[in-house]
Amino acid sequence: MNVEQLLKEEIKKAFRNLFDTEMALDQVNLQPTRKEFDGSHTFVCFPFAKISKKNPEETGKMIGAYLSEHSDAVKSYNVVKGFLNITLTDKVWISVFKAIWNAENYGFLPPSGKEVMVEYSSPNTNKPLHLGHLRNNFLGYAVSEILKANGHKVQKVQIINDRGIHICKSMLAWQKFGNGETPESTGLKGDKLVGNYYVRFDREYKAEVAELAKKYAQEEEAANLDPQTLKKEIDRKNKEGEPLTETEKEQLKLAKPLLEKAEKNAPILLEAQALLKRWEAKDPEVYQLWMQMNAWVYEGFEDTYTQMGVNFDKLYYESDTFLLGKDEVLKGLDAGTFFRKDDGSVWVDLSEEKLDEKLLLRSDGTSVYMTQDIGTAILRFRDFPNIAQQIYTVGNEQDHHFKVLFAILKKLGYAWAEECFHLSYGMVDLPSGKMKSREGTVVDADDLMQEMRNTAAERTQELGKIEGFTEQQATELYDTLGMGALKYFLLKVDPKKRMMFDPEESIQFQGNTAPSIQYTHARIASILRKAKQLGLVMEEDDLKDIDKLEEVESDIIYTLNDYVHKLKEAAKEYSPAVIAQYTYELAKSYNRFFQEVPIFKESDEAKLKFRIAFSSVVGETISKAMGLLGIKVPDRM
RNA sequence: GGCCUCGUAGUUCAAUGGAUAGAAUAGGUGUUUCCUAAACAUUAGAUGCAAGUUCGAUUCUUGCCGAGGCCA
């Protein structure tokens, strides 16, 4: 039974009989009653004053009086400043509970027949995963689960950016300075090892740029100028808001072009570019090395994904799709959708879409990000012809990129482009500001996850909560709690918003956190264990003997009933935060119930059994909701 | 320079145009003869500034200030 629907029907009737007006059902807007007032549903009367030709206060009173007289469901009402608050009878709540309790698969909607693809993760293969990737992965995974619970079929995929200049940089540094190091020889995870060489490349590169720029300065007869050092000093001053001296301004004008020239001509960069060319020409030696280093990275990523608890149905590799992208661009060129400039580069004109011109192929024929994204999108729809929608979980710094991508696909005549969606999420900031790998202010994903598990272990041991646990059970619990805390922290914030992560303060286990919710679940599990021991099981008939509920009980039934609404809302908004907030509310109300209402002391057996069944439903709902977020719940903690 | 986000308690986050702007943390004060105190109860504290739209604006519009991003 749907309470809201029922109530709306009744209000509709009230309008018909009181004001002789026929309302559409969706005109009747109910909202949850704020807790400082009595009631569960609130009808806002202001918009209907015109229909009733009475003031809102009067309108509310008339409807309320009508309802309490004519409807079995309404126990009482009150009107505060034009807000009609409706209290339903306990009988209604009991039947709502019964429906949920009896439901075969409560919280999972029937199959919709819709199939969607969710892309998430999609890292570069030159660096280990960091905090930003964690938000991405948890978000993509949770959205996938939410869509599944809404009855859709979901394909989880990612594109691995395994080609390009970045991986060549790591390869080159490894060739030059690696001395044949491998993950085995160093004991490092593969992604970490490769990442180290990327950093090494950058260091060498910077040194060469500084050297070269100095040399250029000497050639320009500005022997005293050290462009790199000058630039650093000026950047620092700009950042801290210090004014620049006149000499510095003069020197900067001189140094800038020299520096740019050096950045383009540093020998190590030229070498990396040469390596990329050889890779594109499928030089066996280069290819071999590339496969080797990528294999290391994948192995490392695989480990990190396992820790994160995420997975994929299919992986796409940029090295497989970028050529398809080129083909599509050339086809588009032939068809006149794109145009070629004098230097041979290929462009698309999107001025009609209020976006400007965009490069698709460089003058030397090499592809850009856009090229391969076109290829990948097309390939995916070939692989999965039934998908209605493609969702890209990518940070909001790419907002413009995706606008352009979707516009291009539309221009190429792909109807499905209309249904492509960029699930854009905000950056994760540190107290020190933005994460920058070059400045070493990155929070490594593996390290952070380990730290969370350690903290969970410490906290649990402090509280003395692992009596009777085996070593393995304890380890599992620490993982459940630590990873839960981390996932919940990153998911409870609206994905669209940028968020702050303070490593010190973010690791909390009290309040609006996963461990606190998990704790509620463990308490419920404890009650259920005891009930089982006592052989207490509720039968449907027991519900007939209950005619009165505690206030907190009907509150919780309202919340349980609201789960499906939240599930739909979360899917519509692509927001796991909706589920996170909901779960916390539910756990919080249950904690109040736990505190206020005794269970095993209850002398009325029907009530006692009801409270056990009721607890069980709350526990299951918590478990399901947390499951959507990829968070496990323990039975003991 | 053009375009796009975002400004809410000390801090981290909420609020389909609705009521006295919710939580959590940090700070006060309480609650363990009772099913797990990672809990509960209680107290104090906020919409960047200025206009406009209306019965009503944190939400919509414009301007300014501030933070971040994208495109050159």
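A word on conventions. Residues are numbered from 1 along each chain as its sequence is written, while chains are lettered from A and ligands numbered from 1 in the order in which they are written. Because the model is predicted, local features need pLDDT of at least 70 and side-chain atom pairs count only at pLDDT 80 or more, whereas totals for chains, interfaces and linings use all residues; side-chain values use heavy atoms, with hydrogens and water left out.

The expected span of a helix is 1.5 Å times one less than its number of residues. For the 13 residues of H6 that gives 18 Å, and the end C-alpha atoms are 18 Å apart, which agrees. Buried means under 20% relative accessible area, exposed over 50%, and partly exposed in between, with a 1.4 Å probe and protein chains only. The buried residues of H6 include Ile-167, Met-171, Leu-172 and Trp-174. Among the elements covering the buried residues are helices H8 (190–219), H11 (267–280), H12 (284–308) and H14 (369–383), where contact means heavy atoms within 4.5 Å. Just after H6, Asn-179 has a positive phi of about 50 degrees.

Next, strand E5, residues 115–119, in which five of five residues are buried. On one side lie Glu-115, Met-117 and Glu-119, and on the other Val-116 and Val-118. E5 runs parallel to strand E6 (residues 153–160), joined to it by five bridges; two strands pair if DSSP finds at least two bridges between them. Met-117 has Gln-155 of E6 as its bridge partner.

A backbone N or O atom of Phe-594 lies 2.2 Å from a base nitrogen of RNA strand B, and a polar backbone atom of Phe-600 is 3.4 Å from a base oxygen. Elements giving two or more residues to this surface include strand E4 (83–88), helix H19 (514–534) and helix H21 (576–596). H21 gives the most, with seven residues.

Note on methods: Helix = DSSP H or I, 4+ residues; strand = E, 2+ residues; numbered from the N terminus. Polar contact = N/O pair within 3.5 Å; in protein donor to acceptor, adjacent residues only side chain to side chain.
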